[in-house]
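Let's take a friendly walk through the packing of this chain. Please have your viewer ready.

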Amino acid sequence: MANRQLFLKAATTSQLVGRIVDARLEPIGIPAYLLAVLTHVRDLAPASPSRVSAASGMPTTTLRDNIQRLVDRGLVLRVPNPDDGRSYLLMATPRGIE
């Protein structure tokens, strides 16, 4: 029985923390599920999508869609890769760094 109470408390706490995070991110216009990707882009910039994928553990196909969501929100930029003209690097915009 003690484990059930622990799991209930953990689940309740998780929901409350999620609400706090959502409320803090709402003015920026970013859903919580994109926060980790944005943080990796910001911390690794300029970074290739494959580097962000490796750091985040997110598959590149999922990452591609989430990068587009961040670009659409004006939080991330794609910039040309000086070492490979066929690819791009990712950088957070000033708004994405706030």
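The report below goes from the core to one helix and then to a loop residue and a ring.

This is a predicted model, where local features need pLDDT of at least 70, side-chain atom pairs count only at pLDDT 80 or more, and totals for chains, interfaces and linings use all residues. Residues are numbered from 1 along each chain as its sequence is written, and side-chain values use heavy atoms, with hydrogens and water left out.

The largest nonpolar core has 17 residues, and Ile30, Leu38, Val52 and Leu70 have the most contacts inside it. Such a core is a set of buried Ala, Val, Leu, Ile, Met, Phe, Trp, Tyr and Cys residues joined through side-chain atoms within 4.5 Å; buried means under 20% relative accessible area (1.4 Å probe, protein chains only).

| Element | Residues |
|---|---|
| helix 2 | 35–44 |
| helix 4 | 60–72 |
| strand 2 | 88–92 |

Helix 2 gives the most to this core, with four residues.

Within helix 2, Val37, Leu38, Val41 and Leu44 are buried. They sit on the same side of helix 2, because they cover an arc of only 150° around the axis, taken from the directions from the helix axis to the C-beta atoms.

Thr93 lies in the loop between strand 2 and helix 5 (94–97), and Thr93 is buried, at 8% relative accessible area.

Finally, Arg78 lies over the face of Tyr88, 5.3 Å from the ring centre; the rule asks for NZ of Lys or CZ of Arg within 6 Å of the ring centre and within 35 degrees of the ring normal.

Methods
Helices (H or I, at least four residues) and strands (E, at least two) are DSSP runs, numbered from the N terminus. Buried means under 20% relative accessible area, exposed over 50%, partly exposed in between (1.4 Å probe, protein chains only).
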